[in-house]
Amino acid sequence: MASFKPTKIQVYPKLGEKVTQDTLYWKNYKAPVQIKEFGAVTNIDFSPVAPHNFAVTAFTRIHIYGPFSQEPVKSFTRFKDTAYCGRFRSDGQLLVAGCEDSVVRLFDVNGKVALRMFKGHTKAVHVTDFTSDSYQILTGSDDYTCRLWDIPNATELSTYQEHTDYIRCGVTSKLNTNLFITGSYDHSLKVFDARVDKSVMTMDHGQPVESLLLYPSEGLLVSAGGRYVKVWDLLKGGQPLVSLRNHHKTVTCLSLSSNGQRLLSGSLDRHVKVYNTTSYKVVHNFDYAASILSLALAPDDESIVVGMTNGILSIKHRKSPEESTEISGQQRRRPSYRVFVKGKNYIPKQDDYLVSKPVRQHLAKYDKQLKKFNVSKALDTALESWTRHRKPEITVAVIKELNRRGTLKNALAGRDEQGLAQLLNFLIGNLVDHRFAPVLVTAAEMILDIYRSVIGQSPVVDRQLLRLQELLEKEIDYQQELLEVLGMLDTMFASALPRKEVPCSAISRSNGLTQGEARPQLQAT
């Protein structure tokens with residue numbers, strides 16, 4: 001007796017993502033370490049000096065974490081209200097932060113109490129940063145002003161009130177002590193020079209500005225606000241270069257890879273996009289569980305740290321070369337038992353008998369029903385909710401097998417209103433798919449033949465039959481339009497090709513007469 005052959009499921013090509021060097025690079029991170037903070041994580045900043053600790057600003061405190069620690073190595077909790085924008089100085093010894101109570105505090109990384117408190121703003125301070133000479137601090141506030149402060153004397157140096165809405169982001173130049181840039185909810189970006197009492201350049205982002213980033217060369221500026229990420233050329237007077245719209249919600253944070261060739265943006269849509277800074281195309285994408293408020297990359301891209309609205313801090317560490325090799329080795333198929341006993345290169349001898357164990361055949365549910373010739377139950381199994389929605393090729397393969405056996409009509413017949421509606425619903429969803437159409441058209445014809453007599457008795461079935469008819473009419477119209485377009489394209493391509501003249505040696509092209517033959521004379525009679 002011949003053994004039962006399982007139903008052959010047709011394998012269709014998947015339109016998966018293309019594996020590139022960027023994909024391999026950005027996927028080479030371990031599973032994220034998640035740390036619960038006391039509130040939404042609004043800012044993350046890495047220390048410029050080894051061991052590159054990072055400061056996390058969340059709610060009323062700032063925690064400093066080590067590169068691989070899951071507990072804070074240092075905490076600053078002397079804030080009366082929500083803290084904002086904790087940032088390190090270039091030597092990693094000082095840390096500055098704003099607060100909802102309008103006071104700017106300066107901390108020694110090794111101490112607890114604030115070294116300096118700068119008072120002058122009247123509303124919450126969301127922007128803080130050190131200038132490149134390390135002796136001044138830039139602050140931006142909800143009182144529409146940005147200010148420069150002198151650290152040694154704890155005094156205010158200058159105030160600029162040009163924005164007409166909250167200032168929520170700012171960045172200082174690392175090459176020029178006097179230059180800094182601010183972004184505001186009034187949609188504008190302003191470049192200031194501390195030697196002048198007003199801004200020297202203004203750009204319009206078109207949306208409330210949430211984040212700013214300067215390239216290392218400081219010739220290009222990146223701004224994020226609304227759904228847009230825009231790149232500006234500062235050397236050409238703030239000329240816009242690129243406008244990117246790859247997020248579905250507000251972009252909240254920006255970061256640059258260690259080599260400056262990849263730009264990262266985080267958004268409230270829970271995605272981090274990685275852009276190529278040459279073509280500005282998205283080369284990779286990270287998904288997170290909640291809306292993203294802050295993002296930072298460690299030096300040499302050793303870790304990616306993301307802060308979210310739900311207070312979760314996600315840390316992904318790069319895999320070492322040994323770990324990458326081990327994982328790829330684990331994916332290989334483990335050797336069988338006899339390899340361990342006899343060795344990998346063992347060859348059976350002439351007198352050896354090889355005893356093979358019979359391989360047990362595991363059948364799917366629909367194959368078990370087919371083996372028992374329960375054709376109707378086999379089709380019901382293939383039409384289960386998960387299968388028909390996630391794996392429609394299995395349902396189509398079972399219908400094809402039933403048609404090959406000549407039992408498809410029996411499997412389709414005898415169904416109640418619910419069963420017939422389920423079957424018609426599957427046809428409506430997949431009939432116009434070019435992969436399944438040849439099989440499902442046959443099934444649709446059989447259904448119409450079998451249930452022709454009951455049309456008009458069920459409003460549910462009638463509605464689905466009308467939908468099926470409309471779907472087919474639309475598909476036929478599409479096919480006709482496509483054929484017309486194809487004909488037009490053929491004509492265009494044919495007219496675009498150069499015409500080649502075929503040489504005719506014996507026959508004249510003008511009248512078809514051979515050379516030397518006289519033209520016949522016409523005589524009027």
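This is a predicted model: local features need pLDDT of at least 70, side-chain atom pairs count only at pLDDT 80 or more; totals for chains, interfaces and linings use all residues.
Local features need pLDDT of at least 70, side-chain atom pairs count only at pLDDT 80 or more, and totals for chains, interfaces and linings use all residues. Residues are numbered from 1 along each chain as its sequence is written, and side-chain values use heavy atoms, without hydrogens and water.

Start at strand 24, residues 271-276. Strands (E, at least two residues) and helices (H or I, at least four) are DSSP runs, numbered from the N terminus.

Strand 24 pairs antiparallel with strand 23 (residues 262-267) over 5 bridges; pairing takes at least two DSSP bridges. Arginine 262 has asparagine 276 as its bridge partner. The hairpin of these strands has 3 residues between them, and arginine 270 in the turn has a positive phi of about 75°. Strand 25 (residues 282-287) also runs antiparallel to strand 24, joined by 5 bridges. Here histidine 271 stands opposite aspartate 287.

Next, asparagine 430 in helix 9 (residues 417-430). Asparagine 430 is buried, at 11% relative accessible area. A polar atom of its side chain lies 3.0 Å from the backbone oxygen of phenylalanine 426. Beyond four places in sequence, asparagine 430 touches Pro392, Phe436 and Leu440 (heavy atoms within 4.5 Å).

Key: Buried means under 20% relative accessible area, exposed over 50%, partly exposed in between (1.4 Å probe, protein chains only). A polar contact is a pair of N or O atoms within 3.5 Å; within protein, one must be able to donate a hydrogen and the other to accept it, and residues adjacent in sequence count only if both atoms are side-chain atoms.
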